[in-house]
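This report goes through one model, beginning with the surroundings of its ligand and ending with a single loop residue.

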Amino acid sequence: MLDIRRRFNSAILLITHDLGVVAEICERVVVMYAGHIVEDAKVEALFTNARHPYTQGLLQSVPTLTDTRDRLYQIPGSVPPAGTIREGCPFRARCPMRMDRCAVEMPPLVSHSPDHRAACWATQPETVA
Ligand code: SF4
């Protein structure tokens, strides 16, 4: 795929759950949960400084060669059925950082840096109200 991209000087939109592939070939990553963009960043920023609890959970669940855990991390719960979340954060039932506000207000996608945005009340930069 990288060769095709170079030869045709084109972009590739890759839809995957495989974070190893993402790390290997992507420049920018858009993480979606229940139909919503929850984080958007350059690949290095996402892997070193993920801001959304869903992204953080995904990264924790990836095994590494030096892993000493008996069991891989698993985000508790499951994705809500389509159309069942009408208000608040769609990740709240599974989120270890949820707060009262998360049940009633959908967090906006806000910038943490020019190339990094996330939608989470708990990790918003202090300059955003
Ligand atoms: S907005 Fe709340 S529930 Fe949603 S990811 Fe952030 S802390 Fe968790």
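The shell around the ligand holds 10 nonpolar residues, one polar residue and two charged residues. Here Ala, Val, Leu, Ile, Met, Phe, Trp, Tyr, Cys and Pro count as nonpolar, Asp, Glu, Lys and Arg as charged, and the others, Gly among them, as polar. Of these 13 residues around the ligand, the nearest are Cys-89, Cys-95, Cys-102, Cys-120 and Ala-122. A residue is near a molecule or strand if its C-beta atom, placed from the backbone, lies within 6 Å of it.

The model is predicted: local features need pLDDT of at least 70, side-chain atom pairs count only at pLDDT 80 or more, and totals for chains, interfaces and linings use all residues. Residue numbers start from 1 along each chain as its sequence is written.

An open sheet is formed by four strands in the order β1-β2-β4-β3, with antiparallel pairing. Its edge strands, β1 (28-33) and β3 (110-113), each pair on one side only. On average, neighbouring strands of this sheet are turned by 25 degrees against each other, direction ignored. Strands (E, at least two residues) and helices (H or I, at least four) are DSSP runs, numbered from the N terminus. Two strands pair if DSSP finds at least two bridges between them. The angle is taken between axes, which are lines fitted to C-alpha atoms, for helices over the stretch in contact; angles run from 0 to 180 degrees between N-to-C directions.

Two of the pairings are listed below.

| Strands | Bridges | Sense |
|---|---|---|
| β1 and β2 (residues 36-42) | six bridges | antiparallel |
| β3 and β4 (residues 116-118) | three bridges | antiparallel |

Val-30 stands opposite Asp-40 in β2. Ser-113 has His-116 in β4 as its bridge partner, and β3 and β4 form a hairpin with two residues between them.

The largest nonpolar core has 17 residues, of which Val-31, Tyr-33, Val-38, Tyr-54 and Phe-91 touch the most other members. At least two residues of this core come from each of β1, β2 and α4 (53-60). A nonpolar core is a set of buried Ala, Val, Leu, Ile, Met, Phe, Trp, Tyr and Cys residues joined through C-beta atoms within 7 Å.

Met-99 lies in the loop between α4 and β3. Met-99 is exposed because 11 other C-beta atoms lie within 10 Å; a residue is exposed at 12 or fewer, buried at 20 or more, and partly exposed in between, with C-beta atoms placed from the backbone.
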